[in-house]
Amino acid sequence: MKSSMELSELIRTVWAVMFLGLIALYTFLLRTVYKASGTLIRQNTELTEGKKHLEEAIRKLNYSYRETVAAASAAIDARDAYTAGHSRRVADIACKVGKELGLEDSQLECLELAALLHDIGKIGVPDHILNKPGKLDEEEFKKIQTHPVLGYNILKKIEFLSPMLPAILYHHERPDGKGYPKGLKGDEIPIGASIIAIADTYDAMTSDRPCRSALSHEFAAEEVKKHRGTQFNKEVVDAFLKIQNLKVK
Ligand SMILES: [Fe+2]
């Protein structure tokens, strides 16, 4: 009888020890998980903050490089009172045509910057040629024709501008091979260059020049249409002709 009582006392003691052990283990695990989750929450907050700062820095960088391009573009146009705002308008028209053609956002951004800088090579062309009111002679025309290559050479060392270089270098090429500087034909001409070519010509025709007043939209659009497939890419002409309100006054 006594040994039976001792046995049940022993069992109770073992159960009590086990119960207390489990409580201690549970408390320990709970504290560990709580500490770990606190660390995770803190790290997550720090990462979110870090991401916000990084995004803000990228946004500022992107803004300042676009501002730099816009300033360079305005400097090109400022050489001649008649071309004031030309590059900005070419960029706006080019973007409308690019959208009509279904270009992606990154391609449109590249197209806009290329259009803003398309004539930067004119910095290397003397004023008396650039601003000559009458017809250019052969030598002067040759000098003007160097501007796409000059522009390419000015910009080629700037890494972030490298995707825009083909559109700048080839914006005076023609599908019939009569353009410059390389005489590329048809699909050899990058789409960005083909879009800028039309936007550039259209804006030049519909702006006042030293030798004439601005031509009407109807006349300029008809001229673009007339040179579909020879001076201008057919697909780009078709997209161009579908757009209403090409120019914002
Ligand atoms: Fe040009």
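Helices (H or I, at least four residues) and strands (E, at least two) are DSSP runs, numbered from the N terminus. The structure described here is a predicted model, in which local features need pLDDT of at least 70 and side-chain atom pairs count only at pLDDT 80 or more, while totals for chains, interfaces and linings use all residues. Residues are numbered from 1 along each chain as its sequence is written, and side-chain values use heavy atoms, with hydrogens and water left out.

The largest pocket holds about 1,300 Å³ of space. A pocket is an open set of points on a 1 Å grid over the protein atoms alone, where a 1.4 Å probe fits and protein lies on both sides within 12 Å along at least five of seven lines; lining residues have an atom within 4 Å of a point. The volume is the space filled by probe spheres set on the points. The largest pocket is lined by 40 residues, of which K122, I144, H172, A204 and R209 are the closest to its centre. At least two lining residues come from each of α1, α4 (127–130), α5, α8 (191–205) and α9. The largest contribution to this lining is that of α8, with five residues. Sorted by class, the lining has 15 nonpolar, eleven polar and 14 charged residues. In this count, Ala, Val, Leu, Ile, Met, Phe, Trp, Tyr, Cys and Pro are nonpolar, Asp, Glu, Lys and Arg are charged, and the others, Gly among them, are polar.

The structure contains 14 salt bridges, a salt bridge being a side-chain nitrogen of Lys or Arg within 4 Å of a carboxyl oxygen of Asp or Glu. One of them joins K142 to E138, with the closest N and O atoms 4.0 Å apart. K142 and E138 are four residues apart in helix α5 (residues 138–144), so about one helical turn separates them. E138 is exposed at 61% relative accessibility, and K142 is partly exposed at 44%; buried means under 20% relative accessible area, exposed over 50%, and partly exposed in between (1.4 Å probe, protein chains only).

In another salt bridge, the closest N and O atoms of D238 and R228 are 2.9 Å apart. D238 belongs to helix α10 (residues 234–242) and R228 to the loop between α9 (217–226) and α10, so the pair ties together parts that are ten residues apart in sequence. D238 is partly exposed at 32% relative accessibility, and R228 is partly exposed at 36%. Within helix α1, R59 and E56 are three residues apart, about one turn of the helix, and their side chains meet at 3.0 Å, N to O.

Helix α1 (residues 2–77) also includes V14. V14 is one of the residues of a nonpolar surface patch of about 620 Å², along with L7, L10, I11, W15 and M18. Patches consist of residues with over 30% relative accessible area and no salt bridge, where like charges are joined within 9 Å and nonpolar side chains (Val, Leu, Ile, Met, Phe, Trp, Tyr) within 5 Å. Accessible areas come from the Shrake-Rupley method with a 1.4 Å probe, and for residues only the protein chains shown count as cover. V14 counts as partly exposed because its relative accessibility is 43%.

Most peptide bonds are trans. The peptide bond from Y180 to P181 is cis, with omega near 15°. P181 is placed in the loop between α7 (165–169) and α8.
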